[in-house]
Amino acid sequence: MASLVEIGRYNLIPLSVTCLCARPCRSLPKKTLILSRRCSQLNIRLVLNGSKSAFPVKANSISAMRHLVSAVASSEPDRLDHEDVKEEVNEGHKFPGKEESVSEPQQRGSKLRKRIIFGLGIGISVGGVVLAGGWVFTVFFAAVVFVGAREYFELVRSRGIASGMTPPPRYASRVCSVICAVMPLITLYFGQIDIPVTFAAFIVAMSLLLQRGNPRFAQLSSTMFGLFYCGYLPCFWVKLRCGLAAPALNTRIGASWPVLLGGQAHWTVGLVATLISFSSIIAADTYAFIGGKAFGRTPLTSISPKKTWEGTIAGLGGCIATTVILSKIFSWPTSLLSAFAFGFLNFFGSIFGDLTESMIKRDAGVKDSGSLIPGHGGILDRVDSYIFTGALAYSFVKTFLPLYGV
């Protein structure tokens, strides 16, 4: 199909004006169309058909077609360079160039491959850390908490949030990040975190209130929420994995587990509950993504426009189904009702944590909390579904099951 290029790229100079003057004509610029004779009415357009050029001239009925059109382009070819024309224009509509249409799918495919590769690597690494337990699990978790806390305080200091509030000083943010990283270690060593968290919150609050200048409530509230969100809540995973040391006697996998790796005693209730909870959260995210892509029509909330009710229902179904299947494999919990309740709590905690982080990022005006993990964003983008779920899972195993039975 022919392409139309604006004639404005050339300088239209009538011959009667340029060459019939007293002074000698100066050298004409390149890309100049010279009209050899003046016409009362003339419509000119440049039509490119392949590599050939044609200049149709249409005059009115009174004037005869007694003119010539010549193009002065001494050093330039008739065709237009690819660098000069970035887009083709056809009947007033713009179409992307060939390079752009080819590179966009390639970029999407490269991003998807990178996301899958790093996702599998993270999943295998986390699975090994969970199986190891003890100090390996706790130290790894402390490192994740430290990076997540740093990302949280960077979001608080971002232009989107800081424009409406006063962020905490950098020294307070860094101290809180270190305190959040130490909390899982204290939880493993002492078995509980309530008193250390209260003491740390008191110290941080006093440092903010006694700082020079004019202390603001926004500084105090954002810092206290950071301690709760990035430090206190993740500690429940340490309490769940390392604190519930009762053996899962009915687990078939534990019966055949190598003695060198701890034998059957290695498979505790905490390990089984952590594996089921982690797997159900991954299933919830996966099924929600697939269901949203396939059937998503109704937005769930304005906090995260991409989430839909259809995807949420699919995620809930996948989370409960995964919990029930794994409960049969691990023989824990033995009650089908308890497995349903455990799956529902895991899904509720994951969707609540996801929406909470989306709200923080929306106010900050950023898409991702960081760029640490290629194809995934920051640490908070990957662990947001786990932040509240650990507390719910621990409360379920520690309180609900003893009261109502397995």
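1. Helix α11 covers residues 309-330 in this predicted model. Its 22 residues reach 31 Å from first C-alpha to last, close to the 32 Å expected at 1.5 Å a residue. S331 follows α11 with a positive phi, near 60°.

2. The buried residues of α11 include G311, T312, G315, G318 and C319. Others among them are I320, V324, L326 and F330. The packing partners of this buried set are α9 (252-255), α10 (269-295), β11 (299-301), β12 (304-308) and α12.

3. Leaving aside residues up to four places away in sequence, T312 touches L300 and F347. L300 is twelve residues from T312 along the chain, and their C-alpha atoms are separated by 7.9 Å.

4. Helix α12 comes next, at residues 336-364. It has 29 residues and reaches 42 Å between its first and last C-alpha, close to the 42 Å expected at 1.5 Å a residue. S335 caps its N-terminal end: a side-chain oxygen of S335 lies 3.3 Å from the backbone nitrogen of L337. Just after α12, G365 takes a positive phi of about 75°.

5. The structure holds five salt bridges. One of them joins the side chains of K307 and D354, at 3.2 Å from N to O. K307 lies in strand β12 and D354 in helix α12, so this pair ties together parts that are 47 residues apart in sequence. D354 counts as buried because its relative accessibility is 16%, against a cut-off of under 20%.

6. D381 forms a salt bridge with K361, with the closest N and O atoms 2.9 Å apart. D381 sits in helix α13 (residues 379-383) and K361 in helix α12, so the pair ties together parts that are 20 residues apart in sequence. D381 counts as buried at 8% relative accessibility, and K361 does at 13%. Salt bridges that share partners join E357, K361 and D381 into one network.

7. F199, F202, I203, M206, L209 and L210 make a nonpolar patch of about 650 Å². Of these, F202 lies in helix α6 (residues 194-209).

Key
Residues numbered from 1 in each chain as written. Predicted model: local features only at pLDDT ≥ 70, side-chain atom pairs only at ≥ 80, totals over all residues. Heavy atoms only, no water. Helix = DSSP H or I, 4+ residues; strand = E, 2+ residues; numbered from the N terminus. Expected span 1.5 Å × (residues − 1). Polar contact = N/O pair within 3.5 Å; in protein donor to acceptor, adjacent residues only side chain to side chain. Buried < 20%, exposed > 50% of the residue type's maximum accessible area, 1.4 Å probe, protein only. Contact = heavy atoms within 4.5 Å. Patch = residues over 30% accessible without salt bridge, like charges linked within 9 Å, V, L, I, M, F, W, Y side chains within 5 Å. Areas by Shrake-Rupley, 256 points an atom, 1.4 Å probe, with all protein chains shown as cover. Salt bridge = Lys/Arg side-chain N within 4 Å of Asp/Glu carboxyl O.
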